[in-house]
Amino acid sequence: MSEQHIKLPEGSIEKTTTTLNLGPTHPATHGVMQNILELDGERVVSTEQTIGYIHRAFEKLAERRPLAQITTLTDRLNYCSSPINNMGWHLTCEKLLGIKTPKRVDYLRVIIMELARISDHLICNSIVGVDAGAYTGFLYVMQYRELIYEIYEEICGARLTTNMGRIGGFERNFNNIAFEKIEKFLREYPKVLKEFENLFQRNRIFMERTMGTGAISADRALNYGFTGPNLRAAGVDYDVRVHTPYSSYEDFQFNIPVGTTGDNYDRWLVREKEMWESLSIIEQAYQKVQDFKGAEAEIYHADVPEYYLPPKADVYTKMEALIYHFKIIMGETDIPAGEVYQAVEAGNGELGFYLVSDGGRSPYRLHFRRPCFIYYQAYEELIKGAMLSDAIMTMSSLNLIAGELDA
Amino acid sequence: MSLINDHIRQRLSEKFPEQLTGFEETYGMLSFEAPRDLNLKVLSFLYDDEELKFRFLTDLCGVHYPTQQEREIAVVYHLHNMVDNVRIRMKIFAPVSKPDVYTATGLFSAANWMERETYDFFGVNFVGHPKLKRILNVDEMDYFPLRKEFPLEDQTRIDKDDEMFGRG
(Lines give C-alpha, C1' and ligand atoms only; values in the text may rest on other atoms or scores of the structure.)
Protein backbone atom coordinates (compact mmCIF):
# COMPACT_ATOMS: atom_id res chain seq x y z
CA MET A 1 0.00 0.00 0.00
CA SER A 2 1.33 3.41 -0.86
CA GLU A 3 1.66 6.22 1.60
CA GLN A 4 -1.24 8.07 -0.01
CA HIS A 5 -3.68 5.72 1.62
CA ILE A 6 -2.48 6.22 5.15
CA LYS A 7 -1.43 9.85 5.09
CA LEU A 8 -3.02 11.76 7.95
CA PRO A 9 -4.65 15.03 7.01
CA GLU A 10 -3.08 18.34 8.06
CA GLY A 11 -3.69 19.21 11.68
CA SER A 12 -5.23 15.86 12.43
CA ILE A 13 -3.93 15.91 15.98
CA GLU A 14 -5.94 18.99 16.93
CA LYS A 15 -9.11 18.13 15.10
CA THR A 16 -12.32 17.45 16.96
CA THR A 17 -13.80 14.82 14.68
CA THR A 18 -12.86 11.17 14.40
CA THR A 19 -11.86 9.45 11.18
CA LEU A 20 -13.11 5.91 10.98
CA ASN A 21 -12.10 3.40 8.35
CA LEU A 22 -15.05 1.15 7.68
CA GLY A 23 -13.77 -1.65 5.52
CA PRO A 24 -12.37 -2.86 3.12
CA THR A 25 -12.89 -6.03 5.14
CA HIS A 26 -15.46 -5.32 7.75
CA PRO A 27 -18.42 -7.56 8.57
CA ALA A 28 -20.83 -4.68 8.07
CA THR A 29 -19.79 -3.87 4.53
CA HIS A 30 -20.86 -7.34 3.30
CA GLY A 31 -18.28 -7.12 0.58
CA VAL A 32 -14.94 -5.59 -0.15
CA MET A 33 -15.39 -1.84 -0.11
CA GLN A 34 -14.12 0.96 2.06
CA ASN A 35 -15.79 3.92 3.65
CA ILE A 36 -13.72 6.63 5.25
CA LEU A 37 -16.17 8.20 7.66
CA GLU A 38 -15.64 11.48 9.44
CA LEU A 39 -17.49 11.27 12.72
CA ASP A 40 -18.51 13.88 15.25
CA GLY A 41 -19.33 11.69 18.21
CA GLU A 42 -21.69 9.21 16.63
CA ARG A 43 -22.86 11.52 13.85
CA VAL A 44 -21.52 11.14 10.36
CA VAL A 45 -20.09 14.43 9.10
CA SER A 46 -18.85 13.21 5.75
CA THR A 47 -17.79 10.06 4.04
CA GLU A 48 -15.62 9.01 1.18
CA GLN A 49 -16.31 5.73 -0.53
CA THR A 50 -13.41 3.82 -2.02
CA ILE A 51 -14.27 1.00 -4.38
CA GLY A 52 -12.41 -1.17 -6.83
CA TYR A 53 -10.98 -3.77 -4.47
CA ILE A 54 -12.26 -6.64 -6.58
CA HIS A 55 -12.05 -4.98 -9.97
CA ARG A 56 -11.42 -7.75 -12.49
CA ALA A 57 -11.39 -5.82 -15.78
CA PHE A 58 -14.36 -7.68 -17.26
CA GLU A 59 -14.85 -5.06 -19.93
CA LYS A 60 -11.30 -5.57 -21.15
CA LEU A 61 -11.53 -9.36 -20.92
CA ALA A 62 -14.74 -9.31 -22.95
CA GLU A 63 -12.92 -7.68 -25.86
CA ARG A 64 -11.06 -10.91 -26.59
CA ARG A 65 -13.77 -13.44 -25.91
CA PRO A 66 -16.45 -14.85 -28.18
CA LEU A 67 -20.00 -14.10 -27.03
CA ALA A 68 -20.62 -17.44 -25.35
CA GLN A 69 -17.56 -17.11 -23.13
CA ILE A 70 -18.67 -13.75 -21.76
CA THR A 71 -21.58 -15.34 -19.90
CA THR A 72 -19.20 -16.53 -17.22
CA LEU A 73 -18.06 -12.95 -16.66
CA THR A 74 -21.61 -11.76 -16.11
CA ASP A 75 -22.08 -14.40 -13.38
CA ARG A 76 -19.64 -12.52 -11.26
CA LEU A 77 -21.34 -9.13 -11.39
CA ASN A 78 -24.21 -9.46 -8.95
CA TYR A 79 -23.42 -12.90 -7.61
CA CYS A 80 -26.58 -13.01 -5.50
CA SER A 81 -28.66 -13.28 -8.67
CA SER A 82 -26.32 -14.52 -11.39
CA PRO A 83 -29.05 -16.08 -13.59
CA ILE A 84 -30.56 -12.64 -14.23
CA ASN A 85 -27.18 -11.39 -15.43
CA ASN A 86 -26.76 -14.47 -17.63
CA MET A 87 -30.19 -14.06 -19.18
CA GLY A 88 -29.57 -10.34 -19.67
CA TRP A 89 -26.40 -11.12 -21.56
CA HIS A 90 -28.12 -13.75 -23.73
CA LEU A 91 -30.89 -11.27 -24.49
CA THR A 92 -28.27 -8.72 -25.55
CA CYS A 93 -26.64 -11.21 -27.90
CA GLU A 94 -30.01 -12.29 -29.27
CA LYS A 95 -30.93 -8.69 -29.93
CA LEU A 96 -27.69 -8.12 -31.85
CA LEU A 97 -28.01 -11.38 -33.79
CA GLY A 98 -31.73 -10.98 -34.40
CA ILE A 99 -32.68 -14.27 -32.75
CA LYS A 100 -36.31 -14.81 -31.77
CA THR A 101 -36.63 -17.21 -28.87
CA PRO A 102 -39.62 -19.58 -28.58
CA LYS A 103 -42.26 -18.76 -25.98
CA ARG A 104 -41.42 -21.76 -23.85
CA VAL A 105 -37.82 -20.57 -23.54
CA ASP A 106 -39.05 -17.14 -22.49
CA TYR A 107 -41.26 -18.61 -19.79
CA LEU A 108 -38.52 -20.89 -18.47
CA ARG A 109 -36.25 -17.85 -18.34
CA VAL A 110 -38.87 -15.90 -16.46
CA ILE A 111 -39.12 -18.66 -13.85
CA ILE A 112 -35.37 -18.61 -13.35
CA MET A 113 -35.08 -14.84 -13.29
CA GLU A 114 -37.84 -14.49 -10.73
CA LEU A 115 -36.32 -17.21 -8.55
CA ALA A 116 -33.06 -15.30 -8.73
CA ARG A 117 -34.84 -12.08 -7.81
CA ILE A 118 -36.34 -13.76 -4.78
CA SER A 119 -32.96 -15.09 -3.66
CA ASP A 120 -31.46 -11.63 -4.14
CA HIS A 121 -34.15 -9.75 -2.21
CA LEU A 122 -34.22 -12.43 0.44
CA ILE A 123 -30.54 -11.99 1.19
CA CYS A 124 -30.80 -8.22 1.20
CA ASN A 125 -33.83 -8.07 3.47
CA SER A 126 -32.56 -10.62 5.93
CA ILE A 127 -29.17 -8.89 6.06
CA VAL A 128 -30.90 -5.64 6.93
CA GLY A 129 -32.39 -7.62 9.80
CA VAL A 130 -28.97 -8.93 10.83
CA ASP A 131 -27.57 -5.43 10.91
CA ALA A 132 -30.44 -4.39 13.14
CA GLY A 133 -29.60 -7.26 15.47
CA ALA A 134 -32.21 -9.81 14.36
CA TYR A 135 -30.32 -12.88 13.23
CA THR A 136 -33.20 -15.35 13.31
CA GLY A 137 -34.88 -14.32 10.08
CA PHE A 138 -31.63 -14.61 8.18
CA LEU A 139 -31.05 -18.20 9.22
CA TYR A 140 -34.67 -19.10 8.64
CA VAL A 141 -34.96 -17.92 5.04
CA MET A 142 -31.50 -19.23 4.17
CA GLN A 143 -33.05 -22.70 3.83
CA TYR A 144 -35.09 -21.43 0.93
CA ARG A 145 -32.19 -19.80 -0.77
CA GLU A 146 -30.65 -23.23 -0.53
CA LEU A 147 -33.71 -24.67 -2.28
CA ILE A 148 -33.41 -22.06 -5.03
CA TYR A 149 -29.76 -23.00 -5.46
CA GLU A 150 -30.77 -26.65 -5.70
CA ILE A 151 -33.13 -25.71 -8.52
CA TYR A 152 -30.26 -23.95 -10.30
CA GLU A 153 -28.17 -27.03 -9.74
CA GLU A 154 -30.74 -29.25 -11.42
CA ILE A 155 -30.93 -26.91 -14.39
CA CYS A 156 -27.31 -26.04 -15.03
CA GLY A 157 -25.19 -27.95 -12.55
CA ALA A 158 -23.85 -24.91 -10.72
CA ARG A 159 -25.09 -23.00 -7.72
CA LEU A 160 -23.54 -19.57 -7.35
CA THR A 161 -21.80 -18.63 -10.58
CA THR A 162 -24.35 -20.36 -12.72
CA ASN A 163 -23.33 -19.73 -16.35
CA MET A 164 -26.90 -20.71 -17.06
CA GLY A 165 -28.46 -20.89 -20.50
CA ARG A 166 -26.98 -20.40 -23.93
CA ILE A 167 -27.57 -17.92 -26.74
CA GLY A 168 -31.03 -18.91 -27.95
CA GLY A 169 -32.20 -20.86 -24.92
CA PHE A 170 -30.96 -23.39 -22.41
CA GLU A 171 -28.30 -26.05 -22.80
CA ARG A 172 -30.77 -28.77 -21.78
CA ASN A 173 -34.42 -29.06 -20.91
CA PHE A 174 -35.51 -28.72 -17.28
CA ASN A 175 -35.71 -32.19 -15.78
CA ASN A 176 -38.52 -33.50 -13.60
CA ILE A 177 -36.59 -32.99 -10.39
CA ALA A 178 -36.23 -29.32 -11.26
CA PHE A 179 -39.97 -28.98 -11.80
CA GLU A 180 -40.68 -30.87 -8.58
CA LYS A 181 -38.39 -28.54 -6.67
CA ILE A 182 -40.02 -25.49 -8.23
CA GLU A 183 -43.39 -26.89 -7.13
CA LYS A 184 -42.03 -27.50 -3.65
CA PHE A 185 -40.75 -23.94 -3.55
CA LEU A 186 -44.10 -22.53 -4.65
CA ARG A 187 -45.87 -24.65 -2.04
CA GLU A 188 -43.67 -23.93 0.95
CA TYR A 189 -42.18 -20.51 0.41
CA PRO A 190 -45.31 -18.34 0.94
CA LYS A 191 -45.62 -19.63 4.50
CA VAL A 192 -41.98 -18.91 5.22
CA LEU A 193 -42.13 -15.47 3.66
CA LYS A 194 -45.21 -14.67 5.71
CA GLU A 195 -43.45 -15.68 8.89
CA PHE A 196 -40.36 -13.69 7.90
CA GLU A 197 -42.64 -10.72 7.33
CA ASN A 198 -44.22 -11.19 10.76
CA LEU A 199 -40.79 -11.06 12.32
CA PHE A 200 -40.01 -7.65 10.88
CA GLN A 201 -42.74 -5.72 9.20
CA ARG A 202 -44.62 -4.42 12.25
CA ASN A 203 -41.80 -5.03 14.69
CA ARG A 204 -41.48 -1.88 16.78
CA ILE A 205 -37.72 -2.06 17.17
CA PHE A 206 -37.16 -2.75 13.48
CA MET A 207 -39.49 0.03 12.42
CA GLU A 208 -37.84 2.57 14.65
CA ARG A 209 -34.40 1.56 13.44
CA THR A 210 -35.32 1.87 9.77
CA MET A 211 -38.01 4.51 9.37
CA GLY A 212 -36.71 7.90 8.39
CA THR A 213 -33.11 6.79 7.99
CA GLY A 214 -31.26 6.86 4.71
CA ALA A 215 -34.13 8.59 2.95
CA ILE A 216 -33.96 10.08 -0.53
CA SER A 217 -36.56 12.01 -2.49
CA ALA A 218 -37.81 10.78 -5.85
CA ASP A 219 -36.26 13.75 -7.58
CA ARG A 220 -32.81 13.20 -6.12
CA ALA A 221 -33.05 9.46 -6.69
CA LEU A 222 -33.73 9.99 -10.39
CA ASN A 223 -30.94 12.52 -10.64
CA TYR A 224 -28.58 10.02 -9.03
CA GLY A 225 -29.57 7.37 -11.56
CA PHE A 226 -31.30 5.10 -9.04
CA THR A 227 -33.20 2.17 -10.52
CA GLY A 228 -34.87 -0.92 -9.17
CA PRO A 229 -36.27 -1.31 -5.65
CA ASN A 230 -34.30 1.67 -4.37
CA LEU A 231 -35.95 3.99 -6.88
CA ARG A 232 -39.37 2.46 -6.39
CA ALA A 233 -39.07 2.94 -2.64
CA ALA A 234 -38.82 6.66 -3.36
CA GLY A 235 -42.12 6.50 -5.24
CA VAL A 236 -41.20 6.16 -8.91
CA ASP A 237 -42.88 3.21 -10.57
CA TYR A 238 -40.13 2.48 -13.05
CA ASP A 239 -39.56 -1.19 -13.75
CA VAL A 240 -37.77 -2.42 -16.88
CA ARG A 241 -39.97 -5.52 -16.95
CA VAL A 242 -43.00 -3.31 -17.57
CA HIS A 243 -41.53 -0.37 -19.45
CA THR A 244 -39.46 -2.32 -21.96
CA PRO A 245 -40.67 -5.90 -21.64
CA TYR A 246 -38.17 -8.59 -22.55
CA SER A 247 -38.47 -12.35 -22.45
CA SER A 248 -42.29 -12.13 -22.77
CA TYR A 249 -42.85 -10.30 -19.49
CA GLU A 250 -45.83 -8.65 -21.20
CA ASP A 251 -47.69 -11.99 -20.85
CA PHE A 252 -47.75 -11.79 -17.07
CA GLN A 253 -49.94 -10.00 -14.59
CA PHE A 254 -48.09 -8.39 -11.72
CA ASN A 255 -47.95 -5.21 -9.70
CA ILE A 256 -45.04 -2.88 -9.13
CA PRO A 257 -44.87 -2.07 -5.44
CA VAL A 258 -43.80 1.50 -4.71
CA GLY A 259 -42.90 3.28 -1.50
CA THR A 260 -43.23 6.93 -0.60
CA THR A 261 -40.33 8.11 1.52
CA GLY A 262 -37.37 6.26 0.02
CA ASP A 263 -36.02 5.38 3.45
CA ASN A 264 -34.64 2.08 4.69
CA TYR A 265 -38.04 0.86 5.81
CA ASP A 266 -39.63 1.56 2.42
CA ARG A 267 -36.79 -0.14 0.64
CA TRP A 268 -37.30 -3.17 2.85
CA LEU A 269 -41.05 -3.14 2.19
CA VAL A 270 -40.66 -2.78 -1.58
CA ARG A 271 -38.32 -5.77 -1.69
CA GLU A 272 -40.70 -7.75 0.50
CA LYS A 273 -43.68 -7.03 -1.72
CA GLU A 274 -41.65 -7.73 -4.83
CA MET A 275 -40.96 -11.21 -3.56
CA TRP A 276 -44.71 -11.82 -3.43
CA GLU A 277 -45.06 -10.51 -6.97
CA SER A 278 -42.20 -12.70 -8.12
CA LEU A 279 -43.90 -15.70 -6.55
CA SER A 280 -47.05 -14.92 -8.49
CA ILE A 281 -45.05 -14.53 -11.73
CA ILE A 282 -43.36 -17.88 -11.14
CA GLU A 283 -46.76 -19.50 -10.59
CA GLN A 284 -48.13 -18.02 -13.83
CA ALA A 285 -45.02 -18.97 -15.78
CA TYR A 286 -45.02 -22.46 -14.35
CA GLN A 287 -48.64 -22.85 -15.41
CA LYS A 288 -47.85 -21.58 -18.90
CA VAL A 289 -44.94 -24.01 -19.20
CA GLN A 290 -47.19 -26.89 -18.12
CA ASP A 291 -49.71 -25.91 -20.81
CA PHE A 292 -47.30 -26.79 -23.61
CA LYS A 293 -48.12 -30.25 -24.90
CA GLY A 294 -46.47 -32.75 -27.19
CA ALA A 295 -43.51 -31.60 -29.26
CA GLU A 296 -43.89 -28.04 -28.00
CA ALA A 297 -43.18 -29.18 -24.47
CA GLU A 298 -39.73 -30.34 -25.60
CA ILE A 299 -38.56 -27.00 -26.98
CA TYR A 300 -35.83 -25.44 -24.90
CA HIS A 301 -33.79 -23.45 -27.40
CA ALA A 302 -34.14 -21.49 -30.62
CA ASP A 303 -32.84 -22.90 -33.88
CA VAL A 304 -29.57 -21.01 -34.24
CA PRO A 305 -26.89 -23.49 -35.33
CA GLU A 306 -24.19 -20.80 -35.61
CA TYR A 307 -24.36 -20.07 -31.90
CA TYR A 308 -26.06 -23.02 -30.25
CA LEU A 309 -23.95 -26.17 -29.76
CA PRO A 310 -25.31 -29.19 -31.63
CA PRO A 311 -26.00 -32.46 -29.77
CA LYS A 312 -22.81 -34.43 -29.25
CA ALA A 313 -24.11 -37.45 -31.16
CA ASP A 314 -24.56 -35.29 -34.26
CA VAL A 315 -21.06 -33.90 -33.96
CA TYR A 316 -19.65 -37.37 -34.57
CA THR A 317 -21.99 -38.23 -37.45
CA LYS A 318 -22.94 -35.06 -39.30
CA MET A 319 -20.62 -32.73 -41.14
CA GLU A 320 -22.54 -29.48 -40.48
CA ALA A 321 -22.81 -30.25 -36.79
CA LEU A 322 -19.06 -30.89 -36.63
CA ILE A 323 -18.32 -27.59 -38.36
CA TYR A 324 -20.63 -25.59 -36.11
CA HIS A 325 -19.30 -27.33 -33.02
CA PHE A 326 -15.75 -26.44 -33.97
CA LYS A 327 -16.60 -22.86 -34.82
CA ILE A 328 -18.49 -22.26 -31.61
CA ILE A 329 -15.88 -23.87 -29.38
CA MET A 330 -13.02 -22.02 -31.03
CA GLY A 331 -14.99 -18.78 -31.14
CA GLU A 332 -14.62 -18.48 -34.88
CA THR A 333 -18.06 -17.10 -35.70
CA ASP A 334 -18.12 -13.48 -36.82
CA ILE A 335 -20.86 -11.46 -35.19
CA PRO A 336 -22.72 -8.73 -37.12
CA ALA A 337 -21.51 -5.15 -36.75
CA GLY A 338 -23.77 -2.86 -34.77
CA GLU A 339 -24.48 -1.28 -31.42
CA VAL A 340 -27.09 -2.53 -28.99
CA TYR A 341 -28.22 -1.52 -25.57
CA GLN A 342 -30.28 -4.08 -23.72
CA ALA A 343 -31.48 -3.66 -20.17
CA VAL A 344 -32.99 -6.14 -17.75
CA GLU A 345 -34.47 -5.62 -14.32
CA ALA A 346 -31.83 -7.20 -12.10
CA GLY A 347 -32.09 -7.55 -8.35
CA ASN A 348 -30.74 -4.05 -7.85
CA GLY A 349 -32.24 -2.27 -10.81
CA GLU A 350 -31.56 -1.70 -14.44
CA LEU A 351 -28.66 -3.87 -15.52
CA GLY A 352 -27.68 -2.63 -18.96
CA PHE A 353 -25.36 -4.11 -21.55
CA TYR A 354 -23.96 -1.73 -24.15
CA LEU A 355 -22.37 -3.85 -26.83
CA VAL A 356 -20.42 -2.38 -29.73
CA SER A 357 -19.47 -4.83 -32.43
CA ASP A 358 -17.28 -4.09 -35.44
CA GLY A 359 -18.08 -7.38 -37.11
CA GLY A 360 -15.26 -9.32 -35.47
CA ARG A 361 -15.47 -12.43 -33.33
CA SER A 362 -15.69 -10.70 -29.99
CA PRO A 363 -17.25 -7.39 -28.97
CA TYR A 364 -15.31 -4.27 -29.91
CA ARG A 365 -16.43 -2.78 -26.64
CA LEU A 366 -18.75 -4.01 -23.93
CA HIS A 367 -19.95 -1.83 -21.11
CA PHE A 368 -21.99 -3.00 -18.17
CA ARG A 369 -24.38 -0.50 -16.67
CA ARG A 370 -24.23 -1.76 -13.10
CA PRO A 371 -27.05 -0.34 -10.97
CA CYS A 372 -25.06 -0.72 -7.75
CA PHE A 373 -22.14 1.32 -9.02
CA ILE A 374 -24.41 4.15 -10.00
CA TYR A 375 -26.49 4.46 -6.87
CA TYR A 376 -23.68 3.93 -4.39
CA GLN A 377 -22.41 7.45 -5.14
CA ALA A 378 -25.51 8.78 -3.38
CA TYR A 379 -24.42 7.12 -0.14
CA GLU A 380 -22.72 10.23 1.16
CA GLU A 381 -25.87 12.28 0.69
CA LEU A 382 -28.01 9.56 2.25
CA ILE A 383 -26.11 9.34 5.51
CA LYS A 384 -24.91 12.87 6.08
CA GLY A 385 -25.85 13.82 9.64
CA ALA A 386 -27.09 10.35 10.49
CA MET A 387 -25.90 8.10 13.28
CA LEU A 388 -23.14 5.62 12.52
CA SER A 389 -25.50 2.73 13.21
CA ASP A 390 -27.99 4.12 10.67
CA ALA A 391 -25.21 4.44 8.13
CA ILE A 392 -24.58 0.71 8.49
CA MET A 393 -28.26 -0.07 7.97
CA THR A 394 -28.40 2.21 4.95
CA MET A 395 -25.46 0.44 3.39
CA SER A 396 -27.09 -2.95 3.69
CA SER A 397 -30.54 -1.77 2.63
CA LEU A 398 -29.09 -0.33 -0.58
CA ASN A 399 -27.98 -3.90 -1.30
CA LEU A 400 -24.42 -3.19 -2.32
CA ILE A 401 -22.79 -6.14 -4.03
CA ALA A 402 -19.06 -5.69 -4.42
CA GLY A 403 -18.98 -7.73 -7.62
CA GLU A 404 -21.42 -5.40 -9.27
CA LEU A 405 -19.70 -2.26 -7.96
CA ASP A 406 -16.36 -3.15 -9.42
CA ALA A 407 -17.01 -5.27 -12.53
CA MET B 1 -48.68 11.60 -27.35
CA SER B 2 -45.89 9.20 -27.39
CA LEU B 3 -42.63 10.55 -28.60
CA ILE B 4 -41.26 9.06 -31.79
CA ASN B 5 -37.69 9.11 -33.01
CA ASP B 6 -38.44 11.19 -36.10
CA HIS B 7 -39.90 13.90 -33.95
CA ILE B 8 -36.93 13.95 -31.59
CA ARG B 9 -34.66 14.22 -34.57
CA GLN B 10 -36.69 17.08 -35.98
CA ARG B 11 -36.70 18.98 -32.67
CA LEU B 12 -32.95 18.55 -32.34
CA SER B 13 -32.27 19.64 -35.91
CA GLU B 14 -34.40 22.75 -35.43
CA LYS B 15 -32.50 23.75 -32.32
CA PHE B 16 -29.02 22.81 -33.53
CA PRO B 17 -29.15 23.11 -37.34
CA GLU B 18 -26.19 21.45 -39.05
CA GLN B 19 -24.38 20.83 -35.79
CA LEU B 20 -25.72 17.41 -34.98
CA THR B 21 -24.70 14.70 -37.38
CA GLY B 22 -24.76 10.98 -37.86
CA PHE B 23 -28.41 10.41 -37.08
CA GLU B 24 -29.24 6.73 -37.27
CA GLU B 25 -31.65 4.31 -35.76
CA THR B 26 -30.04 1.07 -34.68
CA TYR B 27 -32.17 -1.61 -33.06
CA GLY B 28 -34.89 0.95 -32.41
CA MET B 29 -32.71 3.48 -30.60
CA LEU B 30 -32.06 6.90 -32.10
CA SER B 31 -28.39 7.71 -32.10
CA PHE B 32 -26.57 10.88 -33.11
CA GLU B 33 -23.29 12.67 -32.80
CA ALA B 34 -22.79 16.10 -31.25
CA PRO B 35 -19.76 18.38 -31.48
CA ARG B 36 -17.47 18.05 -28.49
CA ASP B 37 -17.91 21.60 -27.19
CA LEU B 38 -21.68 21.48 -27.50
CA ASN B 39 -22.29 18.37 -25.39
CA LEU B 40 -23.62 20.30 -22.39
CA LYS B 41 -25.83 22.54 -24.52
CA VAL B 42 -27.41 19.54 -26.22
CA LEU B 43 -27.78 17.65 -22.94
CA SER B 44 -29.47 20.56 -21.21
CA PHE B 45 -31.73 21.18 -24.21
CA LEU B 46 -32.77 17.53 -24.07
CA TYR B 47 -33.29 17.88 -20.32
CA ASP B 48 -35.26 21.11 -20.30
CA ASP B 49 -37.32 20.88 -23.47
CA GLU B 50 -41.04 20.57 -22.79
CA GLU B 51 -41.48 17.71 -25.21
CA LEU B 52 -38.21 15.84 -25.02
CA LYS B 53 -37.69 15.58 -21.25
CA PHE B 54 -34.64 13.32 -21.31
CA ARG B 55 -34.01 13.62 -17.61
CA PHE B 56 -32.48 10.31 -16.71
CA LEU B 57 -28.87 9.53 -17.48
CA THR B 58 -28.84 5.78 -17.93
CA ASP B 59 -25.27 5.29 -18.88
CA LEU B 60 -22.09 7.10 -19.79
CA CYS B 61 -19.06 5.30 -21.12
CA GLY B 62 -16.10 5.64 -23.44
CA VAL B 63 -15.04 3.80 -26.56
CA HIS B 64 -11.60 3.97 -28.16
CA TYR B 65 -11.26 3.95 -31.97
CA PRO B 66 -7.51 4.26 -32.57
CA THR B 67 -7.88 4.42 -36.36
CA GLN B 68 -10.05 7.54 -36.46
CA GLN B 69 -7.74 10.53 -36.74
CA GLU B 70 -8.44 13.34 -34.25
CA ARG B 71 -11.58 11.61 -32.99
CA GLU B 72 -10.15 8.56 -31.33
CA ILE B 73 -12.08 8.67 -28.06
CA ALA B 74 -15.85 8.52 -28.07
CA VAL B 75 -17.96 9.35 -25.05
CA VAL B 76 -21.37 7.73 -25.28
CA TYR B 77 -24.37 8.98 -23.33
CA HIS B 78 -27.53 6.92 -23.00
CA LEU B 79 -30.47 9.07 -22.01
CA HIS B 80 -33.93 8.01 -21.02
CA ASN B 81 -37.22 9.89 -21.10
CA MET B 82 -39.18 8.04 -18.46
CA VAL B 83 -42.48 9.74 -19.16
CA ASP B 84 -42.75 8.56 -22.76
CA ASN B 85 -40.31 5.70 -22.23
CA VAL B 86 -37.91 6.59 -25.04
CA ARG B 87 -34.18 6.10 -25.02
CA ILE B 88 -31.58 7.88 -27.15
CA ARG B 89 -27.85 7.66 -27.55
CA MET B 90 -25.58 10.65 -27.96
CA LYS B 91 -21.95 10.43 -28.91
CA ILE B 92 -19.16 12.93 -28.84
CA PHE B 93 -15.66 12.40 -30.14
CA ALA B 94 -12.43 13.79 -28.77
CA PRO B 95 -8.82 13.52 -29.96
CA VAL B 96 -6.71 11.20 -27.85
CA SER B 97 -3.98 13.84 -27.59
CA LYS B 98 -6.28 16.28 -25.80
CA PRO B 99 -9.44 14.50 -24.63
CA ASP B 100 -11.16 17.42 -22.90
CA VAL B 101 -14.92 17.11 -22.51
CA TYR B 102 -17.27 19.23 -20.42
CA THR B 103 -18.64 17.39 -17.40
CA ALA B 104 -22.32 16.56 -17.08
CA THR B 105 -22.22 16.47 -13.28
CA GLY B 106 -24.03 19.79 -13.05
CA LEU B 107 -27.01 18.26 -14.77
CA PHE B 108 -26.90 14.70 -13.47
CA SER B 109 -25.42 13.72 -10.11
CA ALA B 110 -25.18 10.22 -11.52
CA ALA B 111 -22.56 11.38 -14.01
CA ASN B 112 -20.02 11.84 -11.22
CA TRP B 113 -18.80 8.27 -10.89
CA MET B 114 -19.56 7.35 -14.48
CA GLU B 115 -17.20 10.11 -15.59
CA ARG B 116 -14.61 9.03 -13.07
CA GLU B 117 -14.84 5.53 -14.51
CA THR B 118 -14.47 6.85 -18.05
CA TYR B 119 -11.47 8.91 -16.97
CA ASP B 120 -10.03 5.89 -15.22
CA PHE B 121 -10.19 3.65 -18.27
CA PHE B 122 -9.89 6.05 -21.22
CA GLY B 123 -8.26 9.16 -19.80
CA VAL B 124 -11.08 11.48 -20.82
CA ASN B 125 -10.50 14.75 -19.01
CA PHE B 126 -13.91 15.96 -17.86
CA VAL B 127 -13.52 19.71 -17.52
CA GLY B 128 -15.24 21.03 -14.40
CA HIS B 129 -15.66 17.67 -12.69
CA PRO B 130 -15.65 18.12 -8.89
CA LYS B 131 -13.24 15.29 -8.21
CA LEU B 132 -11.75 13.66 -11.24
CA LYS B 133 -9.63 10.79 -9.94
CA ARG B 134 -9.39 7.09 -10.56
CA ILE B 135 -12.17 4.98 -9.16
CA LEU B 136 -11.64 1.29 -9.90
CA ASN B 137 -7.92 1.16 -10.61
CA VAL B 138 -5.14 2.07 -8.20
CA ASP B 139 -4.31 5.75 -7.94
CA GLU B 140 -0.69 5.17 -8.98
CA MET B 141 -1.60 3.75 -12.38
CA ASP B 142 -0.13 5.89 -15.16
CA TYR B 143 -1.98 4.55 -18.18
CA PHE B 144 -5.57 4.07 -19.31
CA PRO B 145 -6.13 0.35 -19.61
CA LEU B 146 -9.21 0.13 -21.83
CA ARG B 147 -7.50 1.93 -24.68
CA LYS B 148 -6.84 -0.37 -27.56
CA GLU B 149 -3.06 -0.05 -27.47
CA PHE B 150 -3.01 -2.34 -24.46
CA PRO B 151 -3.51 -5.88 -25.73
CA LEU B 152 -5.15 -8.28 -23.35
CA GLU B 153 -2.68 -11.09 -23.76
CA ASP B 154 1.04 -10.85 -23.37
CA GLN B 155 2.21 -10.51 -26.96
CA THR B 156 5.64 -11.91 -26.15
CA ARG B 157 4.30 -15.37 -25.36
CA ILE B 158 5.84 -17.98 -27.63
CA ASP B 159 4.14 -21.12 -26.32
CA LYS B 160 0.93 -20.41 -28.23
CA ASP B 161 0.53 -20.64 -31.97
CA ASP B 162 -2.66 -18.99 -33.13
CA GLU B 163 -1.75 -18.93 -36.78
CA MET B 164 -4.06 -21.79 -37.70
CA PHE B 165 -7.03 -19.95 -36.24
CA GLY B 166 -6.70 -16.75 -38.16
CA ARG B 167 -5.55 -14.75 -35.17
CA GLY B 168 -1.84 -14.68 -36.09
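Visitor: How many residues of chain B are in contact with chain A?

Guide: First, the ground rules. This is a predicted model, in which local features need pLDDT of at least 70, side-chain atom pairs count only at pLDDT 80 or more, and totals for chains, interfaces and linings use all residues. Residues are numbered from 1 along each chain as its sequence is written, while chains are lettered from A and ligands numbered from 1 in the order in which they are written. Two residues are in contact if their C-beta atoms, placed from the backbone, lie within 7 Å. Here 29 residues of chain B are in contact with 34 residues of chain A.

Visitor: Which element gives the most to the side of chain B that touches chain A?

Guide: Elements are DSSP runs numbered from the N terminus: helices (H or I, at least four residues) and strands (E, at least two). E3(B) gives the most, with six residues. The elements giving two or more residues are strand E3 (56-64) and helix H3 (111-122) of chain B.

Visitor: How do the residues on that side of chain B divide?

Guide: Ala, Val, Leu, Ile, Met, Phe, Trp, Tyr, Cys and Pro count as nonpolar; Asp, Glu, Lys and Arg as charged; the others, Gly among them, as polar. That side of chain B has 17 nonpolar, seven polar and five charged residues.

Visitor: Now chain A. How many helices and strands does chain A have?

Guide: Chain A has 18 helices and six strands. Its C-alpha trace spans about 80 × 50 × 35 Å along the principal axes.

Visitor: At what angle do H5(A) and H17(A) pack?

Guide: Axes are lines fitted to C-alpha atoms, for helices over the stretch in contact; angles run from 0 to 180 degrees between N-to-C directions. Helix H5 (residues 103-131) and helix H17 (residues 388-397) of chain A pack at about 170°, with axes 9 Å apart. Therefore H5(A) is roughly antiparallel to H17(A) (angles over 145 degrees).

Visitor: Which residues meet there?

Guide: Ile127(A), Val128(A) and Asp131(A) of H5(A) meet Ile392(A), Met393(A), Ser396(A) and Ser397(A) of H17(A). They divide into four nonpolar, two polar and one charged.

Visitor: Is Phe206(A) buried or exposed?

Guide: Count other C-beta atoms, placed from the backbone, within 10 Å of the residue's own: 20 or more is buried, 12 or fewer exposed, in between partly exposed. Phe206(A) has 21, so Phe206(A) is buried. Phe206(A) lies in helix H8 (residues 204-210) of chain A. Leaving aside neighbours within four places in sequence, Phe206(A) is in contact with Ala132(A), Ala134(A) and Phe200(A).

Visitor: What percentage of chain A is buried?

Guide: Buried residues make up 49% of the 407 residues in chain A.

Notes
Parallel < 35°, antiparallel > 145°, perpendicular 65-115°, else oblique.
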